[in-house]
Amino acid sequence: MEALAQSVAERVISLVLDAVDVNAVLDQVDLNAVLDRVDLDTLLDRVDIEAVLNKIDIEVILDRVDVNRLLARVDVNQLLSTVDMNRLMGAVDITAIVTRVDVNQIVQGVDVDGVIRKVDIDAVVDRVDVNEIVQRVDVEALVEQTDLSSVIASSTSGIAGDMLDAVRSRTVGVDESIARMVARLRRRPYTGPPGPPAGLRATAGS
Amino acid sequence: MTASAGEATNLEPPAAARESLQGRYAGFASRFASFVVDVVVLTGIFMLVLAAINFAASILTGRSIDFNRNETWVVIAYFVWGFIYFARFWGMNARTAGGALFGVQVLTDDGGDVSGRRAIVRTLVFPLSFLILGLGFLGILLGDQRRALHDVIAGTVVVYSWDARAARLRFLSRESSPGAGRPASPALPGPPASPG
């Protein structure tokens with residue numbers, strides 16, 4: 001009896017569905033009103049997102065995406081204008097990045113000669129404050145170095161200078177001879193010309 | 001005193017000049033030679049001035065002036081000129097013409113520049129060293145600071161002002177240069193024995 005009733009019901013439903021114009025029915029349904037009555041939050045809470053994502057083959061989707069076309073439609077300037085670069089950089093661990101960079105390998109790949117050829121040396125020199133650099137140079141220490149002094153000396157020698165040096169050297173020689181003779185008479189050791197005065201020594205030492 | 005060219009090229013400047021002598025107390029010979037040059041210079045200038053005056057007088061008056069060195073006013077003028085010469089050069093440049101030639105200069109006993117007043121005092125007392133039979137110069141030979149009597153009174157010292165080290169380097173550069181074989185200046189010095 002129960003089976004008969006079920007068979008009849010199925011038959012009736014089938015006949016009704018055949019008789020109903022579903023499209024006409026749907027045309028009469030106010031879908032917006034229906035959607036307004038749907039509680040999407042509750043609905044989404046009941047959806048197992050993880051299970052859905054597991055069923056999605058991302059690789060297939062990505063293969064079907066035309067990235068170039070997608071990027072062509074992106075306004076990069078507008079996108080960048082919305083980015084807070086300071087906040088972005090603050091979040092980046094620069095030290096960690098740098099430690100992972102093989103600087104030697106990068107440098108070996110750089111065409112240094114090519115870079116130098118592109119440098120406007122004149123412009124660089126124009127920006128250099130030579131006076132400041134010279135003031136920081138210990139000229140006295142440089143002159144003290146014998147090689148440099150030799151260059152200067154050889155460039156400034158002249159006949160008059162030679163004669164003057166000769167006269168002075170000769171006279172200093174006589175000075176020394178007299179001083180040694182006097183020291184011998186006084187039975188005192190002689191260790192060269194005395195001096196300089198205390199004030200001059202302090203100036204030279206400062 | 002004069003070395004031959006061959007000797008000069010094989011010899012170095014004075015051993016005392018292997019380091020800079022600047023600031024060291026000048027010895028007797030340098031100071032005496034400097035003084036002699038100064039006397040020659042100031043006397044020469046004085047005689048030139050007298051000759052110029054004589055020339056001008058002969059043009060203007062038709063008569064020449066006979067400058068006799070026995071005349072008192074000529075002697076006074078000479079000493080006044082000598083005073084001006086030494087005081088002016090010591091006060092303004094710390095060295096006279098002779099000092100510049102032999103590379104010596106006058107400083108205060110603590111190494112400072114000589115003021116005009118101190119230069120005048122030094123010039124005024126300078127004759128004292130002569131007037132006591134030259135004994136005033138003994139301090140140059142015997143004193144630790146090589147000071148004469150007028151130096152002690154005026155509070156001055158005389159030091160070498162020329163860069164002996166640079167002179168030696170010039171000498172060495174000539175020795176090592178390709179043209180070192182050229183005849184050396186006959187005045188190029190050989191070294192006196194090293195000090196001490």
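Guide: We shall discuss a nonpolar core, a pair of helices and the salt bridges of this predicted model.

Visitor: Which residues have the most contacts inside the largest nonpolar core?

Guide: In soluble globular proteins, nonpolar side chains tend to be buried together. Here the largest such core has 20 residues, and those with the most contacts inside it are B:Leu21, B:Trp90, B:Tyr160 and B:Trp162. At least two residues each come from H3, S1, H5, S2 and H8 of chain B. H3(B) gives the most, with three residues.

Visitor: How do the axes of H17 of chain A and H2 of chain B cross?

Guide: Two packed helices are described by the angle between their axes and the distance between the axes. The axes of H17(A) and H2(B) come within 6 Å and cross at roughly 130 degrees; the two helices are therefore oblique to each other. Among the residues that meet are A:Val172 and A:Ile178 from H17(A), and B:Phe28 and B:Ala33 from H2(B). By class, this contact has six nonpolar, two polar and one charged residues.

Visitor: How many salt bridges are found over all chains?

Guide: Side chains of opposite charge can pair when their charged atoms come close. The whole structure has three salt bridges. B:Arg31 pairs with B:Asp151 at 2.6 Å, N to O, linking helices H2 and H7 of chain B across 120 residues. B:Arg122 also meets B:Asp151 at 2.6 Å, and B:Arg31, B:Arg122 and B:Asp151 are linked in a network.

Visitor: Is B:Asp151 buried or exposed?

Guide: B:Asp151 counts as buried, at 0% relative accessibility. B:Arg122 is buried as well, with a relative accessible area of 2%.

Note on methods: Residues are numbered from 1 along each chain as its sequence is written. Chains are lettered from A and ligands numbered from 1 in the order in which they are written. This is a predicted model: local features need pLDDT of at least 70, side-chain atom pairs count only at pLDDT 80 or more; totals for chains, interfaces and linings use all residues. Side-chain values use heavy atoms; hydrogens and water are left out. A nonpolar core is a set of buried Ala, Val, Leu, Ile, Met, Phe, Trp, Tyr and Cys residues joined through side-chain atoms within 4.5 Å. Buried means under 20% relative accessible area, exposed over 50%, partly exposed in between (1.4 Å probe, protein chains only). Helices (H or I, at least four residues) and strands (E, at least two) are DSSP runs, numbered from the N terminus. Axes are lines fitted to C-alpha atoms, for helices over the stretch in contact, and angles run from 0 to 180 degrees between N-to-C directions. Angles under 35 degrees count as roughly parallel, over 145 as roughly antiparallel, 65 to 115 as roughly perpendicular and the rest as oblique. Contact means heavy atoms within 4.5 Å. Ala, Val, Leu, Ile, Met, Phe, Trp, Tyr, Cys and Pro count as nonpolar, Asp, Glu, Lys and Arg as charged, and the others, Gly among them, as polar. A salt bridge is a side-chain nitrogen of Lys or Arg within 4 Å of a carboxyl oxygen of Asp or Glu.
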